[in-house]
Amino acid sequence: MNRRANAASTAWPARLKRLLVVAVILVLGLCAMPNLYQNTTQLSIRTLTSEPAAPGPDQLVQLLQSRGFTVADIESGEPTLVTLTPQTASAAAQEVLAEALRGQASVKVVEQATAPYWLQRLGLSPIKLGLDLNGGVLFVLKVDTEKALEKRMENIALEAKALRIRDKLKGVRVERSSASGLELVALPQGEAALHQLQSALLDQFQHLSVSTHQQGSLLRASLSYDETGKAAFEKQTMTQALTTLRSRIEELGITEAVTQRQGANYIRIELPGVQDPAAAKRIIGATAQLSFHALQEFGGKRVKAEHGMVGLDPRAIFTGADIDSAQAGRDEYGKPLVQLFLSSQGGDKMLRFSRTHVGQPMATMYSEYIADSQGEIRESSQVISVATIQQVLGQRFSITNLGSWQKAQDLALLLRAGSLDAPLTIVTERTIGPSLGEQNISSGFAALALGLSLTLGFMLLWYRKLGVIACVALVANLLCLVGLMSLLPGVVLTLPGIAGLVLTIGMAVDTNVIIFERIKEERRQGSSMRAALQRGYQQAQSSIIDANLTTMITALVLMSIGYGPVKGFAITLALGIMTSMFCGVVVSGQLSQWFYRTKPVTGA
Amino acid sequence: MRDLWQTLRTSGLALSLIAMILSCVLISQRGLELGQDFTGGYVTEFQLAQDISGDELQHQLARHVSGEFRLSAQGALHWQVFQPPHNDSPTPLNWHTQLPDNLGVEILDSRFVGAQIGAELIEQGGLALLVSVLAVGLYLIVRFEWRLAVSASLALLHDVLITLVFFAATGMEFDLTVLAALLAIIGYSLNDSIVIGDKVRELVRARPDSTVSNTINVALGSTLGRTAITSLTTLTTIAALWWLGGASLQGFASALFIGVAVGTWSSVFVSATLPQWLGLSHRNYQRTLSEQEKQQLAEP
């Protein structure tokens, strides 16, 4: 009675464990299934307006064919889905259609899953392919936060000077002491004024810190950002750059793009499917800013204009940040212009200014950061128009004199997507052709197939019956690894990732080999198969854990420092270690028990 | 017989040490051919429709590519052009549009890397190598014993150096994937050292009467099968990668192949042999055993 209860209590956890192992493999296998159905790339066309009516399917096919695209399939509806042959032409076709259907429809490149409906319902999708397998464009941009900080200090200095004049503060001078700081200098009688100015500035700009010292009879207060202030400013600049870039890419109609921060001040942008980097580069790398200024004959900032130089009040009436939306259009003479809609705050600023300045000129300044031949970044400003304020202006007005339609469109897009305070430079640019991607996939998988079959064949030959266990465990390992990679978000399969997969196959058998060698040793010493199995698995465990943990350490180091190709490799390696430990120890342990379960009965 | 093993191991260790010193000299003499990932620059990979000799293509390109460039073959009809980062041409990547049509140029991959990001990568890569060796060494000290940890770390250094010297000697490009391969080699080589070290520890505890040299011989003998089989399967899969993986995995696969082969050697001749010279004795492992026993005894 007692013994039976004992037997039941040991049998239950074992049975539960077996169930659990089977369940894990089944679930991961299910996750791996969508990889059998590769996504198709399609164009999605969504009508924006009812009039003029968007072109029907026939017209779309005609339009695409006239530009040299081959339409494989068109599915009309809302949205209309177009499949091209080859599918890699979708990005180029998107540009053509977006141009042709401007204002009537929005055209996007979308990935469509082809897996059965029930699989999609479960939220399962295939592994995302990296650019080197898919083709596309990659940019790595450096965000120059230092330059942005300098610019911020310049603005603070301007603000300080304006405050000094507005509040009629006497005996105080504002000095730019260094690129990243400024100083308020007060004569003995101006100390009160200095404190007033200082507290006004501290109120307005957070994270600013002050240190005061006496120099002869002069009191000097230096304002600068301390470490935490700098960090906060940098973080804010990076976040702004990321959101701005994301919305710019969205404006370009690329939905599958990856935009992420890389390291302290780099941003990595992957545009799968895109083949012409020029258009994307013009939009992504642009740091264009618009600002509106009153003219100032004396002591103003001298800026280059169409004819000669113009003196401007350095303080802007309002900037691009106050712009809600922008649209390219044409005036009655057909000249390109950009219509602006200001935010209510910007509208207020404009209203206040124009009310007091009717009949006076206002200048529109266009500035951007450009790199000169030495690679040094500097700001280049140009006044694109000087117009007389005819009436009191509110939230809505337009900028004319833009030169070309292209320029108007780009400017409208940039203003819509938000401006960048920090200059961006492209430090890496890569364009991978779709044929290289296909080549990489086929060669990667050929290597995987060869490596796998050779390893399986060898294990079968060498270990015979135990080899069968190793082979099943190895296939289960591959299944689990692929399932895990599809399941985890943010895992991208790249060519080095496939290499990691192949390497994992070679190394995963190690776990089995360690155990099997132990079992052989035990058998040589005369243990029964069952005892040898048990001792083999038990004793090998510490070696296996040690060996895999150290590989895991290097994989984690790789993951934390590497980007792109290295990261892809590190992730597969790390996941591979986990699955191979699971499959090598737990799965093959269960299998061996099951394989040799009849032995003790016949032996007894 | 035992003595034969002993001399074999000692001479293997000596050979490894000599090879390490020679590698250091050779690497410092010749330097590594750093790839575009580290130096920055422009790389264009393209395919031609026409079979053309390297010299002829070089001649053709010289007319259209401004500044200096380096042409290398990547496979059948598959070529690569490298242009250094300080290329004064305003559009360094546009030369292919000017090539004659009959060549049938198809651009497969074109990439630009700024010189600055490359310098940062060298720093990061070196740091990664250092951090992983240190982290792993620390783990070993905690898990085993300092003699084994030192020996295994030296074996790692040995593997990395010999792989590097292969790149220095052949002039193959050292790029980011090769760096990843080096880190994978560290993981693999350690794997080997640990399995053998584990066995040594087990036997040293089990046979306190035997000499350490003998015990190590026995441990090596009993793990030899495993070492050979695992190396064989790993090398087989890497060879498959080398053969079929395409041009972009060549450097990675060759680094791994050499690293794994050398790592197998060093796990036997460096990390298993050296502890003996550093004075490993039964007492070093006996103490850990008694502590474990104490723990076991303390448990009810």
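Visitor: How many residues of chain B are in contact with chain A?
Guide: In this predicted model, 52 residues of chain B are in contact with 54 residues of chain A.

Visitor: And which elements of chain B give two or more residues to the side that touches chain A?
Guide: They are β5 (106-113), α4, α6 (176-206), α7 (212-244) and α8 (250-269) of chain B.

Visitor: What is that side like by class?
Guide: The side of chain B that touches chain A has 28 nonpolar residues, together with 18 polar and six charged ones.

Visitor: Which strand of chain A does β5(B) pair with, and in what sense?
Guide: Strand β5(B) pairs with β22 (residues 424-432) of chain A, in the antiparallel sense and over five bridges; within that pairing, A:Ile432 has B:Asp109 as its bridge partner.

Visitor: Switching to α4 of chain B, how does it pack with α5(B)?
Guide: Helix α4 (residues 115-143) and helix α5 (residues 146-170), both of chain B, pack at an angle of about 155 degrees, and their axes are 8 Å apart. Because angles over 145 degrees count as roughly antiparallel, α4(B) is roughly antiparallel to α5(B). The crossing in which α4(B) passes α5(B) is right-handed.

Visitor: Which residues make the contact?
Guide: From α4(B) the contact is made by B:Val133, B:Gly137, B:Leu140 and B:Ile141, while α5(B) provides B:Trp146, B:Leu148, B:Ala149, B:Ala152, B:Ser153 and B:Leu156. By class, the contact has eight nonpolar and two polar residues, with no charged residues.

Visitor: Now chain A: what is the strand order in the open sheet of three strands?
Guide: The order is β17-β18-β21, with antiparallel pairing; β17 (323-330) and β21 (396-399) are the edge strands, each pairing on one side only. From one strand to the next, the twist averages 25 degrees.

Visitor: How many bridges between β18 and β21 there?
Guide: Strand β18 (residues 336-342) of chain A and β21(A) pair over four bridges, in the antiparallel sense, and A:Leu340 has A:Phe397 in β21(A) as its bridge partner.

Visitor: Which helix lies across β17 and β18 of chain A?
Guide: That is α11 (residues 405-417) of chain A, which runs at about 165 degrees to β17(A).

Visitor: Last one, A:Thr145: buried or exposed?
Guide: A:Thr145, which lies in helix α6 (residues 145-166) of chain A, is buried, because 21 other C-beta atoms lie within 10 Å and the cut-off for buried is 20 or more.

Visitor: What is A:Thr145 in contact with, sequence neighbours aside?
Guide: Leaving aside neighbours within four places in sequence, A:Thr145 is in contact with A:Glu234, A:Thr237, A:Asn265 and A:Ala422.

Conventions
Residues are numbered from 1 along each chain as its sequence is written. Chains are lettered from A and ligands numbered from 1 in the order in which they are written. This is a predicted model: local features need pLDDT of at least 70, side-chain atom pairs count only at pLDDT 80 or more; totals for chains, interfaces and linings use all residues. Axes are lines fitted to C-alpha atoms, for helices over the stretch in contact, and angles run from 0 to 180 degrees between N-to-C directions. Angles under 35 degrees count as roughly parallel, over 145 as roughly antiparallel, 65 to 115 as roughly perpendicular and the rest as oblique. A crossing is left-handed if the near helix is turned anticlockwise from the far one by less than a right angle, and right-handed if clockwise. Two residues are in contact if their C-beta atoms, placed from the backbone, lie within 7 Å. Ala, Val, Leu, Ile, Met, Phe, Trp, Tyr, Cys and Pro count as nonpolar, Asp, Glu, Lys and Arg as charged, and the others, Gly among them, as polar. A residue is buried if 20 or more other C-beta atoms lie within 10 Å of its own, exposed if 12 or fewer, and partly exposed in between; C-beta atoms are placed from the backbone. Two strands pair if DSSP finds at least two bridges between them.
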